Amino acid sequence: MKWTKFRIKTITEAEDIIISTLYDIGLEGAQIEDKVPLTAWEKEQMFVDIAPVAGEDDGIAYLSFFVEEKEDGSLILNGEPTDADAVLKQVKQELEDLRMFMDIGEGSVSVDETEDIDWINNWKKFFHQFYIDDLLVIPSWEEVKEEDRDKKILHIDPGTAFGTGMHDTTQLCIRQIKKFLTPETTLLDVGSGSGILAILALMYGARKAVGTDLDPCAVEAVRQNMEANGIRQEDFTMMIGNIITEKEVQDKVGYLCYDIVVANILANVLVELTPVIVEQLKPGGIYITSGIIEDKEECVAEAVRAAGLEIIEVTRQGEWVSITARKS
């Protein structure tokens with residue numbers, strides 16, 4: 001599918017009003033590029049593997065709006081056929097109207113064409129092989145160097161599912177899993193994404209792993225990453241569904257059968273998950289949580305203690321926290 005992109009150069013103070021104004025003419029989504037430092041809440045909500053490169057805030061912002069392009073080159077806006085010139089004229093008129101009562105900066109508009117594949121693959125130029133302690137993480141589009149062939153290697157291609165290993169939260173989980181793993185470990189990974197945590201657990205000697213995720217894209221991402229790392233189908237079971245609210249998923253996952261449960265997800269989800277996941281853990285089982293921005297540490301810790309778990313370790317990396325607990 002092709003799209004026509006209308007990109008506006010403006011200032012950060014005008015972002016919201018421009019987005020709202022252009023929404024009224026049918027441009028319903030905006031891609032925002034600026035260098036405004038992210039708040040703690042924004043960082044938690046983004047929860048991305050590859051952080052955007054910002055630099056010093058210069059007050060400049062770029063807003064990109066996308067309109068679907070049909071095979072004949074026409075555009076569809078508000079369900080009606082149009083063309084790029086007509087949309088451009090509307091956008092420019094709306095910007096000029098705004099300029100009469102507020103500063104919108106340069107207010108220039110450029111028009112370009114893009115495809116879905118650009119959005120899916122552009123991030124790959126920022127993801128290259130790297131180490132997590134003694135582990136080499138390498139994407140599918142790069143080759144292992146000769147001097148690295150004797151290392152422990154994780155081949156990873158997240159596709160559209162979360163999990164490259166670059167995020168602080170993922171690295172915190174990996175270190176905790178390695179610390180508590182035994183050859184008898186059965187591990188449950190809630191919010192499995194690309195499958196990186198469960199796959200690594202199996203690579204380091206776990207007996208079996210089960211993963212759950214809400215996103216159907218995770219199934220194919222996990223399958224490809226299992227294949228790339230030589231993981232047998234019978235060793236890793238992947239399920240789609242909400243383990244917090246769906247009894248059917250809870251039943252399929254099983255009760256009192258996991259030595260380790262790991263959950264690298266947002267803090268507010270961990271608060272809801274924790275009282276449920278206690279039923280999946282064996283007595284003495286280990287619960288590893290991450291995805292917790294610093295100022296949410298105590299609310300997750302309270303949920304863990306309220307569920308009857310004993311906090312045995314809190315680890316940190318960057319602005320992120322991992323809480324590890326044990327079921328008595």
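A helix here is a DSSP run of H or I at least four residues long, numbered from the N terminus. Keep that in mind as you explore this predicted model.

**Stop one: Glu297.** Select Glu297, which is found in helix α10 (residues 297-306). Is Glu297 buried or exposed? Glu297 is buried: its relative accessible area is 18%, and buried means under 20%. Now show its surroundings: leaving aside residues up to four places away in sequence, Glu297 touches Ile292, Val314, Arg316, Val321 and Ile323.

**Stop two: helix α3.** Next, select residues 84-99, the 16 residues of α3. Color Val87, Leu88, Val91, Leu95 and Leu98, which are buried. Looking down the axis of α3, you will find these buried residues within an arc of 100°, so they line one face of the helix. An α-helix has 3.6 residues a turn, so residues three or four places apart point the same way. The buried residues pack against β1 (2-11), α1 (15-23), β4 (75-77), β5 (80-82) and β6 (108-115). Then zoom in on the start of α3, where a side-chain oxygen of Asp83 comes to within 3.2 Å of the backbone nitrogen of Asp85.

**Stop three: helix α7.** Finally, select residues 217-228. Ala218, Ala221, Val222, Asn225 and Met226 are buried in α7. They cover an arc of only 130° around the axis, which puts them on the same side of α7. Their packing partners are β9 (152-156), α6 (196-203), β11 (208-213) and β12 (236-240). Just after α7, click on Gly230, which has a positive phi of about 70°.

Notes
Residues are numbered from 1 along each chain as its sequence is written. This is a predicted model: local features need pLDDT of at least 70, side-chain atom pairs count only at pLDDT 80 or more; totals for chains, interfaces and linings use all residues. Side-chain values use heavy atoms; hydrogens and water are left out. Helices (H or I, at least four residues) and strands (E, at least two) are DSSP runs, numbered from the N terminus. The expected span of a helix is 1.5 Å times one less than its number of residues. Buried means under 20% relative accessible area, exposed over 50%, partly exposed in between (1.4 Å probe, protein chains only). The arc is that of the directions from the helix axis to the C-beta atoms. Contact means heavy atoms within 4.5 Å. A polar contact is a pair of N or O atoms within 3.5 Å; within protein, one must be able to donate a hydrogen and the other to accept it, and residues adjacent in sequence count only if both atoms are side-chain atoms.
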